[in-house]
Amino acid sequence: MITNFRETYTLGPEVFREALEVIERSGAAELIDEYRAEARGAGGRPPTGPIYTIKAVLVAALTLLMLQRTPSEKGLLEALANFSDSQLNAVGMGGQDVMGACKEHSARAYKSFQIWLTRALLPLDSGPDLPARRITNGQHRRQLASRTAAQREASSDALERSRHVMNRIVAGSVLEQSPAGCVGDVVTDETIIRLAGTSRGLGIKDDKTRGAAYVGNFHQQDRKTTDSSGATIIQTHKAGFSVGLTVLTRIGRRDALHSVVPVITAIDVHSANGADLEGLAQTIRFQEINGLDCRRGGRGRWPLLTADMGYVTLNGFDRLMLTQKIAHVSRYPRHWGRILPAANPAGVPADRQLPGPIQVEGTFFCPTAEPMLRTRLVRKTEELLKDGEFRSHDARLAAVLPLMMGTNSRPKLARPTRGRVKIGAPEPEKVVKQEFVCPAVQGRVRCPLKPASMDTTNVEAPLVEPTWAASQYTVCEKSSATVTFTAEQFKRAQFDLVPGSWEHALYFEAARALTEQRFSILKSQHVNGFHDMTWTARREPMIKILIALTVAVANWRVQKTASERAHLSRVESIDIRMRQLRSDLGHAPTRTPPRT
């Protein structure tokens, strides 16, 4: 039942102006109007009630979110009815008496607005043939399978249009495209937005029902705890019918994360997975499309992307990072193998000389380091603090970091072997290669297989004692070797910060904490007025638009707060942790030596 409409509040000019600026800067309203014009057919009846505009709807929804009010369809209509004459003129609805229509017949006015809005957003709906009501999973799968090729193509086009609109809205909320100090470093993660809570009959089996919103899926998060006897107990932490929201958050350079206001620059909405590779690929693409990718060009270092281990384990994540020229910063699952010797590419004779380097948790080392790397090197600082092992870990880093292989090139895709492909033969699948240099040649260690290092290197440099002849490995005989990554090595490789080092541990924890803060702001009832979307419309376009507007409000709040605190100096958490570490160790922490 729709209650009677009344003038519940007067929207201040400042809030309206800020919301209008975001929508106008984004160009989302004009983009949706273009899509509507392309899809509109001939004929139709002239409207008899108020004539609404997409711009008015977007501005109304954004003002409601700024005021921590619920932007339901009734809330949107009520907000439009409360707009002043000047505000209606600004959103293209000059002369429309929305309040009069609502007071005359509230149910009819609401129904008319709802039908208009659904039709206006139809070009963004990838499932116009799917019902917005609860059906079983089996029925839903059969409906998707029965689609024609034309329907599947139309659905794909609508999905692409909705992505453009969402990211235009997000881009409109970012005040600076390329701020000073920005080098392209980002943090990514996925948050789960619940569309329906747990109820009888919901689930993932064919005979279980789905939520009314056809864009989501049933998602359950479990949490492991340990009882007094030491037994592991798995408890359901969160469950419900949900969508996943992948975000890309822009941060400052590695030694000053907050030198750039940490705003969300791109998003993607998809099925709830916890980590979605396609969602990540789309956020990277749209950050670049909207001009918010402020990475350095030329031969500058690759930007860093911090992600949790859920992404590292996905098939294709490593290839995405390489093709996008991004260096990811991540941790690994405990069960992953650690020591992986470099091998010759497929097709090379078995008696061919081996390259020599060994990969340990994403980094290649001299083979003499193998005895020192048999136990896990990558550990949380919380674990080191709990076990009182800061000193022992630093001593271990001082012993093994000098044994890292130097780099003569960046990783690249190339043919497995040199030379041209035979005429008529299929093009071989490209593999990942990188050229490494012996650490003794770079002066970081002394090695008897490199006599020059024994004479010219500082006597304080570690002395390694290989038990093999130089002819056994290419890197020992020729000082450098090109390594062809195996699939396992490529999946684990990190091409910038060294896993296990202090720099990697502190940067990862600081960046991950920062993205968790973004999600906390995003779902705060004190910022947007809600923490889930169980109240929203059931059709896809409005769900996605409201999510994008929610992100826009979070960005607006963060930038406003940063502007108000610009006169205050800020100490980075990484600097604080480094000073605490120095105090605990009694000396400067071991740093990662240069590898080039």
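Predicted model: local features only at pLDDT ≥ 70, side-chain atom pairs only at ≥ 80, totals over all residues.

User: Which helices do the buried residues of α20 pack against?

Analyst: The buried residues of α20 are I574, M578, L581 and L585. They cover an arc of only 60 degrees around the axis, which puts them on the same side of α20. The helices they pack against are α14 (390-400) and α18 (502-522).

User: Which residues are exposed on the other side of α20?

Analyst: Let's start with a general rule. An α-helix has 3.6 residues a turn, so residues three or four places apart point the same way. In α20, the buried side holds I574, M578, L581 and L585. Exposed on the other side are R579 and S583.

User: What span should the 13 residues of α20 have, and how far apart are its end C-alpha atoms?

Analyst: Helix α20 covers residues 573-585, and each residue counts for 1.5 Å. The expected span is 1.5 Å times one less than the number of residues, so α20 should span 18 Å. The model agrees with this, as the end C-alpha atoms are 18 Å apart.

User: Which cysteines does the disulfide join?

Analyst: A disulfide is a covalent bond between the sulfur atoms of two cysteines. Searching the whole structure turns up one disulfide, with an S to S distance of 1.8 Å. The two cysteines joined are C182 and C294.

User: Where in the chain do C182 and C294 lie, and how many residues apart are they?

Analyst: C182 sits in the loop between α9 (149-172) and β1 (186-196). C294 belongs to the loop between α10 (277-289) and β5 (304-306). Both cysteines are buried. The pair links distant parts of the chain, with a separation of 112 residues.

User: How many of the residues of the whole protein count as buried, as a percentage?

Analyst: Let's step back to the whole protein, which has 20 helices and 13 strands. Its C-alpha trace spans about 95 × 65 × 60 Å along the principal axes. Buried means under 20% relative accessible area, and of the 596 residues the share that counts as buried is 52%.

How values were computed:
Residues numbered from 1 in each chain as written. Heavy atoms only, no water. Helix = DSSP H or I, 4+ residues; strand = E, 2+ residues; numbered from the N terminus. Buried < 20%, exposed > 50% of the residue type's maximum accessible area, 1.4 Å probe, protein only. Arc of directions from axis to C-beta. Contact = heavy atoms within 4.5 Å. Disulfide = S-S within 2.5 Å.
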